[in-house]
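Open the model in your viewer and keep the sequence panel beside it. The tour goes from one selection to the next.

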Amino acid sequence: MLIGLARTSTLEQEAGLEAQKRMLGAAGVEKLFVEQTSSVGPRPALEAAIEFSREGDTLCVTDLSRLARGVHDFCRTQTRLAEKRVDLRVLTLGLDTATPTGKLMLNVLASVAQFEREIMLERQREGIARAKAEKRYKGRAPTAQAKAEEVRRMAAAGVKKAAIAAELGISARSVFRIIASD
C-alpha cells in the first residue's frame, strides 16, 4: 500500500498543504495522513502513518522537509520504517528506498538539507549580531507587555486570569507575570 504524509508548519499554509495532497494523490497514495504542526513538536499524523504501515508498504512524502528537520530526526524515522520493512518515497527527489541507490541518495540528501539549514541559521545569527552592534536590532515586540494596562484593568474588574489570556491572545503565564509585578 502507498501511504501518504502531508505536513505544513502552520495553519496559514493551506495552499501548500493542498498542493501536497494533489501530488500525493497523483502518485497513487491510497491512505493519506495530514498534519499542520511544526516538525520539531509532536507529530501525531507521522506517528499514525508509521503505526498504520505494514511490511511491504511505502510511506510517500512530497519533500524530505515534510518528513524530518535534520539528519538525526530523518535517521530515527527511517530506522523505524526499516524495522517494519516499510520503504520511503520522496516525490520531488524521485527517490525510493526500495533500492540500495535510493537509500544512499536519501541519506546524502538528508545531510545536505541539514547543512543548508545550519548555514541559514548561522547567517541569521550573524545578521542579528550585526544589527545589535549597530543598535538596529529590536527583537520580537513584547506582545504581552504591550497589553499590561488592559490585563490590569480586566483583573481589577474581576475577570479570571485564564479568560484574560484568552481574550487578549496572550499566555496565562504572561497574565500572571503582569499581575505579580504590581
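Start with Asp57 in this predicted model, and show its side chain together with the backbone of Arg54: the Asp57 side chain reaches the backbone nitrogen of Arg54 at 2.7 Å. Asp57 lies in the loop that joins α2 (44–52) to β3.

Now show the side chain of Arg54 as well. Asp57 is buried but has no salt bridge. Arg54 is its nearest side chain of opposite charge, and that side chain is 6.4 Å away; a salt bridge would need a side-chain nitrogen within 4 Å of a carboxyl oxygen.

Next, select what surrounds Asp57. Neighbours within four places in sequence aside, its contacts are Met1, Ile3, Phe52, Arg85, Val86 and Asp87.

Move on to helix α1, residues 14–26.

Which residues of α1 are buried? Select Leu17, Gln20 and Leu24. Look down the axis of α1: these buried residues fall within an arc of 60°, so they line one face of the helix. An α-helix has 3.6 residues a turn, so residues three or four places apart point the same way.

Then turn to the face of α1 directed away from its buried side, where Ala15, Arg22 and Ala26 are exposed.

Finish at Gly28, which follows α1 and has a positive phi, near 95°.

Definitions and conventions:
Residues numbered from 1 in each chain as written. Predicted model: local features only at pLDDT ≥ 70, side-chain atom pairs only at ≥ 80, totals over all residues. Heavy atoms only, no water. Helix = DSSP H or I, 4+ residues; strand = E, 2+ residues; numbered from the N terminus. Expected span 1.5 Å × (residues − 1). Buried < 20%, exposed > 50% of the residue type's maximum accessible area, 1.4 Å probe, protein only. Arc of directions from axis to C-beta. Lys, Arg positive; Asp, Glu negative; His and termini not counted. Polar contact = N/O pair within 3.5 Å; in protein donor to acceptor, adjacent residues only side chain to side chain. Contact = heavy atoms within 4.5 Å.
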